[in-house]
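Have the viewer open as you read.

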Amino acid sequence: MFLRRRLLSTAAAATAARGPPPIRVSLTESAGRGVFATRPVSSGELLHSAQPLVSHPSHSLLHEVCYNCLRRKPGEGRASSGGDYFCSDACRDHAKGFHDIEKNVDWSLFDYHCSSRDLKYPYMAKRLACMVISGAANADCLNILQPALLHQGTLIEMKEEFELLESTFRKAGFQEEITTYWYINVLARIRINAFRIELVASSYEDLLSSAAASVSCDSSVGNAVYMLPSFYNHDCDPNAHIVWLQNADAKLKALRDIEEGEELCICYIDASMDADARQKILADGFGFECRCLRCLSGD
């Protein structure tokens with residue numbers, strides 16, 4: 001009898017694991033959309049995974065991480081400008097659409113513009129444009145996401161970037177209508193929804209690489225935009241967090257036990273900073289004043 005109950009319990013747990021994620025997206029009282037638990041969630045439980053809508057490796061690591069999934073390549077595949085851009089045939093096949101466009105375009109002027117100004121998000125907009133041109137993505141695939149508020153100076157810079165991007169495409173013979181409005185609309189959403197990807201070290205070699213990258217202020221392997229993770233609101237004392245184990249596929253996990261109906265929140269910034277520093281970064285980077293319990297207490 002005990003064995004039978006144990007088998008039934010195991011089967012029920014397996015069924016739950018194969019079921020839908022224990023979350024729903026609903027409107028909050030003051031922060032727009034949010035993500036809520038549909039049942040009690042245990043600390044450490046995987047809430048769900050998410051694949052990026054668009055991603056791009058850090059420019060300084062183009063030959064060290066996979067051009068598609070951002071996985072760190074084995075030592076022999078790194079630091080070689082003539083090496084393979086991808087970690088596997090599957091990634092090469094998945095990226096074929098946009099990469100066939102990219103490799104037939106001279107990006108030298110666009111790359112110089114971005115690298116000289118330490119810009120990262122235009123690379124993501126460029127990739128999405130290539131995905132749209134190749135048919136790998138819809139032009140409006142980011143429209144559901146919240147856009148950042150853009151100042152006039154930022155809009156002028158974006159228009160100049162778009163003119164350079166459009167000219168680069170036309171010189172390569174691509175005449176598709178990627179408009180200024182589209183570019184600004186995309187960048188406004190990338191700027192506020194992009195996640196900085198820092199992989200969990202899976203080997204001693206990766207641990208050393210991560211340590212060296214941290215010293216050089218380049219611990220991120222790239223940036224990515226997701227659908228569902230972008231709906232999570234911020235809290236300086238979050239009950240969930242996002243991790244990347246081997247590649248850009250995001251995993252959302254509970255940091256503590258969560259009650260049914262409770263909103264799931266992540267921390268957008270380094271939670272170890274003091275309250276004033278957190279408020280400044282959130283205001284400058286995300287356009288809001290944090291009113292979480294931790295900030296209200298001055299912690």
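A cavity is a set of points, on a 1 Å grid over the protein atoms alone, where a 1.4 Å probe fits but cannot get out; a pocket is an open set with protein on both sides within 12 Å along at least five of seven lines, and lining residues have an atom within 4 Å of a point. Grid points are joined across faces, edges and corners, and a volume is the space filled by probe spheres set on the points. By this rule, there is one cavity of 30 Å³ or more. Please keep in mind that the model is predicted: local features need pLDDT of at least 70, side-chain atom pairs count only at pLDDT 80 or more, and totals for chains, interfaces and linings use all residues. Residues are numbered from 1 along each chain as its sequence is written, and side-chain values use heavy atoms, with hydrogens and water left out.

The largest cavity has a volume of about 70 Å³. Its lining is made of I133, F162, L165, E166, F169, R170, F174, E176 and I178. Sorted by class, six of the lining residues are nonpolar, none is polar and three are charged; here Ala, Val, Leu, Ile, Met, Phe, Trp, Tyr, Cys and Pro count as nonpolar, Asp, Glu, Lys and Arg as charged, and the others, Gly among them, as polar. Helix 6 gives the largest share of this lining, five residues.

That brings us to helix 6 itself, residues 152-171. Helices (H or I, at least four residues) and strands (E, at least two) are DSSP runs, numbered from the N terminus. Helix 6 has 20 residues and reaches 29 Å from its first C-alpha to its last, close to the 28 Å expected at 1.5 Å a residue, where the expected span is 1.5 Å times one less than the number of residues. Which of its residues are buried (under 20% relative accessible area, with exposed over 50% and partly exposed in between, using a 1.4 Å probe and protein chains only)? They are T154, M158, E161, F162, L164, L165, T168 and F169. These residues lie on the same side of helix 6, because they cover an arc of only 165° around the axis, taken from the directions from the helix axis to the C-beta atoms. On the other side, Q152, E163 and K171 are exposed.

Now turn to the second largest pocket, with a volume of about 390 Å³. It is lined by 17 residues, of which Q51, P52, S55, N68 and H94 lie nearest its centre. Strand 4 (54-57), helix 2 (89-94) and helix 5 (121-134) are the elements that give two or more residues to this lining, and the largest share, three residues, is from helix 2. Its lining has ten nonpolar, five polar and two charged residues.

Strand 10 (residues 263-266) is worth a look too, for its pairing with strand 2 (residues 33-37): the two run antiparallel and are joined by two bridges. Two strands pair if DSSP finds at least two bridges between them. V35 has L264 as its bridge partner in strand 10. Strand 7 (residues 233-234) pairs with strand 10 in the parallel sense, over two bridges, and there the bridge partner of H234 is I266.

Finally, visit two loop residues. L70, in the loop between strand 4 and helix 2, has a positive phi of about 70° although it is not a glycine. L70 counts as buried because its relative accessibility is 0%. D118, in the loop between helix 4 (108-116) and helix 5, also is not a glycine, yet has a positive phi of about 55°. At 71% relative accessibility, D118 counts as exposed.
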